[in-house]
Amino acid sequence: MLFICLSTSAQDPHPAFKRYTVEQGLPSSEVYQVKQDSKGYIWFATGNGVSRFNGYEFENFSIKDGLPENTIFEIYEDPFERIWFVSLACKLAYYYKGKIYPFKYNDQLQKMVKNPLKTSFCVDEKGTIFLGISAQGILEISKRGIIKHLYPHFTNDVLDLIEPKPSEM
């Protein structure tokens, strides 16, 4: 069961809540993350795939649509308007222009990590992926699939990666 707060005014001290369940179209009652993308869609990471909500109905995606796994823990929108999905085992996929694409370097990534537990994920303006993994540090993955292990001794403290905008540097 999921509750979404919908506020009609920034001044409204009594926000409206709407309850969404599997009966309304969610693929699972286990929702791990909710994100709104730059186009206004609301995305749900669940134990049975991901769901995109347009305000009226849910569109659900699973392994049959290109996800590497159905249990998705994180949703992230990159600077190129791709919506990324990070699975339980740190396998990646992204949604772009109506279709889900498995990350083409997932096999390489899986060979580098043992018992992965994702702590953070981001994509910079060059398309480089940074993936923080508990007890393993940060991985940098180039657009060409070159994987570098950054800060391998910086293991248990990677909670979140933040990509500053060039104007903030």
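Let's start with Y96, which counts as partly exposed because its relative accessible area is 30%. Here, buried means under 20% relative accessible area, exposed means over 50%, and partly exposed is in between, with a 1.4 Å probe and protein chains only. What we have on the screen is a predicted model, so local features need pLDDT of at least 70, side-chain atom pairs count only at pLDDT 80 or more, and totals for chains, interfaces and linings use all residues. Residues are numbered from 1 along each chain as its sequence is written, and side-chain values use heavy atoms, with hydrogens and water left out.

Back to Y96. You'll find Y96 in strand 9. Strands (E, at least two residues) and helices (H or I, at least four) are DSSP runs, numbered from the N terminus. Which residues does Y96 touch, not counting residues up to four places away in sequence? They are F80, E81, R82 and Y101, where contact means heavy atoms within 4.5 Å. Y96 and R82 are 14 residues apart along the chain, and their C-alpha atoms are separated by 5.1 Å.

Two of those neighbours bring us to salt bridges. Side chains of opposite charge can pair when their charged atoms come close. The cut-off used here is a side-chain nitrogen of Lys or Arg within 4 Å of a carboxyl oxygen of Asp or Glu. How many salt bridges does a search of the whole structure find? It finds 5, and I'll show you some of them.

One of them joins the side chains of E81 and K39, at 3.5 Å from N to O. E81 lies in the loop between strand 7 and strand 8, and K39 in the loop between strand 3 (31-36) and strand 4 (42-46), so this pair ties together parts that are 42 residues apart in sequence. E81 is partly exposed, at 42% relative accessibility, while K39 is exposed, at 58%.

Now look at R82, which forms a salt bridge with D78; their closest N and O atoms are 2.6 Å apart. Are these two buried or exposed? R82 is buried, with a relative accessible area of 17%, and D78 is buried too, at 5%.

The D78 side chain reaches the backbone nitrogen of F80 at 2.8 Å. A polar contact, also of 2.8 Å, joins the side chains of D78 and W84. A polar contact is a pair of N or O atoms within 3.5 Å; within protein, one must be able to donate a hydrogen and the other to accept it, and residues adjacent in sequence count only if both atoms are side-chain atoms. If we leave aside neighbours within four places in sequence, D78 is in contact with W84 and V123.

Another salt bridge links the side chains of E140 and K148, at 3.9 Å from N to O. E140 is buried, with a relative accessible area of 19%, whereas K148 is partly exposed, at 46%.

A nonpolar core is a set of buried Ala, Val, Leu, Ile, Met, Phe, Trp, Tyr and Cys residues joined through side-chain atoms within 4.5 Å. The largest one has 21 residues, and those with the most contacts inside it are W84, L92, F103, L109, F121 and I129. Which strands each supply at least two residues of this core? Those are strand 8 (83-87), strand 9 (92-96), strand 11 (118-123), strand 12 (129-133) and strand 13 (137-141). Strand 12 gives the most, with 4 residues. A second, separate core of 12 residues includes W43, I72, I83 and A93. As for F103, not counting residues up to four places away in sequence, it touches W84, L92, A93, I129 and I141.

N106 is buried, at 8% relative accessibility. A polar atom of the N106 side chain lies 2.8 Å from the backbone oxygen of L92. Beyond residues up to four places away in sequence, N106 touches P68, K91 and L92.

Last stop, the surface. Y32, F73 and L88 form a nonpolar patch there, with about 260 Å² of accessible area together. Patches are made of residues with over 30% relative accessible area and no salt bridge: like charges are joined within 9 Å, nonpolar side chains (Val, Leu, Ile, Met, Phe, Trp, Tyr) within 5 Å. Accessible areas come from the Shrake-Rupley method with a 1.4 Å probe, and for residues, only the protein chains shown count as cover. F73 is in strand 7 (residues 72-77) and is partly exposed, with a relative accessible area of 31%.
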